[in-house]
Amino acid sequence: MASKSKSKSKSSSVEMSGPGSKQFEKDIKDMFKLFDKDGDKSLSTEEISRALKSMGVCLTYKEIQVALKDIRKNKHGKIEFKEFREFLIKQYQSKSLEAQARESFRIFDRDGNGTIDRKELKHAMKMLGEELSDEEVEQMMKEADENGDGKINFEEFLRLWTILNGDEGE
């Protein structure tokens, strides 16, 4: 991630440094002010959607409503700066987890075809120090392969990765 905010036009993408840095805090404040079009020191779902799109995060209205459900304090359906900051940190952490999962998936997917088969799974586990029997590999495949095609795609891998990294139910 870049250490400075970029905002040349409404359609340009904003890049932010990580949570906890002074630049991240400045970027969030600047973004909040930029998208608080009516100046009421709170953001509507529409304003939040525009802010997220500027960061390259495209969520539907419903996805934003669900994501904001836990942090919304304002009774008028808007969020104030503190909630906006909390929301962006969660979004940042979520993206970071997905990036880690994607990198791990690439390592497991040795032939680069976008899926992990039994042979690749067994090899990856061996590289991680886990010598699995064919039965254990088969059991892992059954647990992960939700669509029953005999392979693990990225979405199936991400669900497992998320559970293993303690984000189940979020």
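This is a predicted model: local features need pLDDT of at least 70, side-chain atom pairs count only at pLDDT 80 or more; totals for chains, interfaces and linings use all residues.
Glu156 is buried and yet takes part in no salt bridge, since the nearest side chain of opposite charge, that of Arg159, lies 5.1 Å away, whereas a salt bridge is counted within 4 Å. The side chain of Glu156 does, however, reach the backbone nitrogen of Asn147 at a distance of 3.0 Å. When neighbours within four places in sequence are left aside, the residues in contact with Glu156 are Ala144, Asp145, Glu146, Asn147 and Lys151.

A polar atom of the Glu83 side chain lies 2.8 Å from the backbone nitrogen of Glu80. Glu83 and Ser42 stand 41 residues apart in sequence, while their C-alpha atoms are 9.4 Å apart in space.

The structure contains 5 aromatic pairs. In one of these, the ring centres of Phe32 and Phe81 are 5.6 Å apart and the ring planes meet at 90°, so the pair is edge-to-face. Because Phe32 lies in helix H1 (residues 22-35) and Phe81 in helix H4 (residues 81-108), this pair ties together parts that are 49 residues apart in sequence. Phe32 is buried, with a relative accessible area of 7%, whereas Phe81, at 24% relative accessibility, counts as partly exposed. Elsewhere, ring pairs link Phe105, Phe108, Phe154 and Phe157 into a cluster, and Arg102 lies over the face of Phe154, at 3.9 Å from the ring centre.

The model also holds 9 salt bridges. Asp30 forms one with Lys26, with the closest N and O atoms 2.7 Å apart; both residues lie in helix H1, 4 residues apart, which is about one turn of the helix. Asp30 is partly exposed at 32% relative accessibility, and Lys26 is partly exposed at 46%. In helix H4, Arg106 and Glu103 are 3 residues apart, again about one turn of the helix, and their side chains meet in a salt bridge at 3.3 Å, N to O. Arg106 counts as exposed at 51% relative accessibility, while Glu103, at 41%, counts as partly exposed.

The salt bridge between the side chains of Arg118 and Glu138, at 2.7 Å from N to O, links distant parts of the chain, with Arg118 in helix H5 (residues 118-127) and Glu138 in helix H6 (residues 134-144), 20 residues apart. Finally, salt bridges with shared partners join Asp38, Asp40 and Lys78 into one network.

Notes: Residues are numbered from 1 along each chain as its sequence is written. Side-chain values use heavy atoms; hydrogens and water are left out. Buried means under 20% relative accessible area, exposed over 50%, partly exposed in between (1.4 Å probe, protein chains only). Lys and Arg count as positive and Asp and Glu as negative; His and the chain ends are not counted. A polar contact is a pair of N or O atoms within 3.5 Å; within protein, one must be able to donate a hydrogen and the other to accept it, and residues adjacent in sequence count only if both atoms are side-chain atoms. Contact means heavy atoms within 4.5 Å. Rings of Phe, Tyr and Trp (its six-membered ring) pair if their centres lie within 6.5 Å; planes under 30 degrees apart count as stacked, over 60 as edge-to-face and the rest as tilted. Helices (H or I, at least four residues) and strands (E, at least two) are DSSP runs, numbered from the N terminus. A charge sits over a ring if NZ of Lys or CZ of Arg is within 6 Å of the ring centre and within 35 degrees of the ring normal.
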